[in-house]
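Trainee: I have the model open. Can we go through the terms used for it, one at a time?

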Amino acid sequence: MDSRAAKPAVSVDGASVEQFAADVRYYLSLTPRQLPSRYLYDDLGSALFESICRMPWYTITRAELRLLTTHGDSVFRRLPSLTRVVELGPGNGDKLRTLFEAAPPQHRPIEVHLIDVSASALATAAQTIGSFGDVRVLTHQATYDSGLREAQRQRTGRTLVAFLGSNIGNFDPPGASAFLQNIRASLKNGDAVLLGVDLVKPTERLLVAYDDPLGITAAFNRNLLVRLHRELDAAIDLDGFLHRALWNAEHRRVEMHLVARTDQALRIARAQVDERLNAGETIWTESSYKYVPEQIDDLLESCGFKPTGQWIDRDDGFALTIAEAF
Ligand code: AVI
């Protein structure tokens, strides 16, 4: 690996290299060792994630699109006088496009705010959504919190915040509550949130979604080590680490880990890390919490939202829930 490759001052996920280095140093010092999952998404990581969404074993994306197609009109019918939709993490724009295609025509024109740290994701999503002539698209290259504040500064009328793709599953329970409370604080009574959440399902189905036969999720996970090489001058033996996905039944979450195959040196110059990992030791890189439907209602209610509709895809175990701020 060429460690002289360009090291950007700001990485694609919006964190400065200094922030990335400080996080790497801190999280690797914890027991168990960890790396925050937001760092999985550099350009290559985002492309690998897009491929994951197309795999037959990863059902979240297709189940959600089916629900949006079938029940999108019911979402809009619950929100008469809706004037704006804010999507946190729009990806390639497919989810919102699908929702709008299902909308009764009287629900447009509408204003759409797309919030993401990635400029390229915003450009793609804006192009997709902008193809609806009567939709005005505004983009905010920002973290969810600051983008939402920015979008809400110019608010008029009734707002729907969409947080889809089961991204809520990557927060631990206190983090998910804090995140939804933050959204609630930016809304008025009568505004709403649309949440897509992956459900608990048989363990084999969960495991094959996160440890697939093509090795795409393994590449997605191990790419974090590639990123440490490129951005933080790390000297790590890539082949020395394996991808592992496991179901933690107690916490209802799939965990992704990088497992040392043999004793490994972990030297990361720009993060001042110089450690040794014993064979079998792991670095925990992601949690993907799975819910049961009642838990979603409880979570929303505890954060100031009243659920007014929930649609479930039984084949793939996925729930789409709309809830009003009260
Ligand atoms: C983005 N997020 C909802 C994905 C998930 O399912 O937790 C990320 C992912 N990790 C491995 N595969 C997909």
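Mentor: Start with a helix pair. Helix α2 (residues 43–54) and helix α9 (residues 216–232) pack at about 160 degrees, their axes 9 Å apart. This is a predicted model: local features need pLDDT of at least 70, side-chain atom pairs count only at pLDDT 80 or more, and totals for chains, interfaces and linings use all residues. Residues are numbered from 1 along each chain as its sequence is written, and side-chain values use heavy atoms, with hydrogens and water left out.

Trainee: Why are α2 and α9 called roughly antiparallel?

Mentor: Angles under 35 degrees count as roughly parallel, over 145 as roughly antiparallel, 65 to 115 as roughly perpendicular and the rest as oblique. The angle here is about 160 degrees. Therefore α2 and α9 are roughly antiparallel. Their crossing is left-handed.

Trainee: What makes the contact between α2 and α9?

Mentor: Contact means heavy atoms within 4.5 Å. From α2 come L44, G45, L48, F49, S51 and I52; from α9 come I216, T217, A219, F220 and N223. By class, that is seven nonpolar, four polar and no charged residues. Gly counts as polar in this scheme.

Trainee: How do you know whether H113 is buried or exposed?

Mentor: Buried means under 20% relative accessible area, exposed over 50%, partly exposed in between (1.4 Å probe, protein chains only). H113 has 0%, so H113 is buried. H113 sits in strand β2 (residues 110–116).

Trainee: What makes the pairing of H113 and R84 a polar contact?

Mentor: A polar contact is a pair of N or O atoms within 3.5 Å; within protein, one must be able to donate a hydrogen and the other to accept it, and residues adjacent in sequence count only if both atoms are side-chain atoms. The side chains of H113 and R84 are joined at 2.8 Å. The H113 side chain also makes a polar contact with that of E111, at 2.7 Å.

Trainee: And K95: why is it called buried or exposed?

Mentor: K95 has a relative accessible area of 15%, so K95 is buried. K95 lies in helix α4 (residues 94–101).

Terms used: Axes are lines fitted to C-alpha atoms, for helices over the stretch in contact, and angles run from 0 to 180 degrees between N-to-C directions. Helices (H or I, at least four residues) and strands (E, at least two) are DSSP runs, numbered from the N terminus. A crossing is left-handed if the near helix is turned anticlockwise from the far one by less than a right angle, and right-handed if clockwise.
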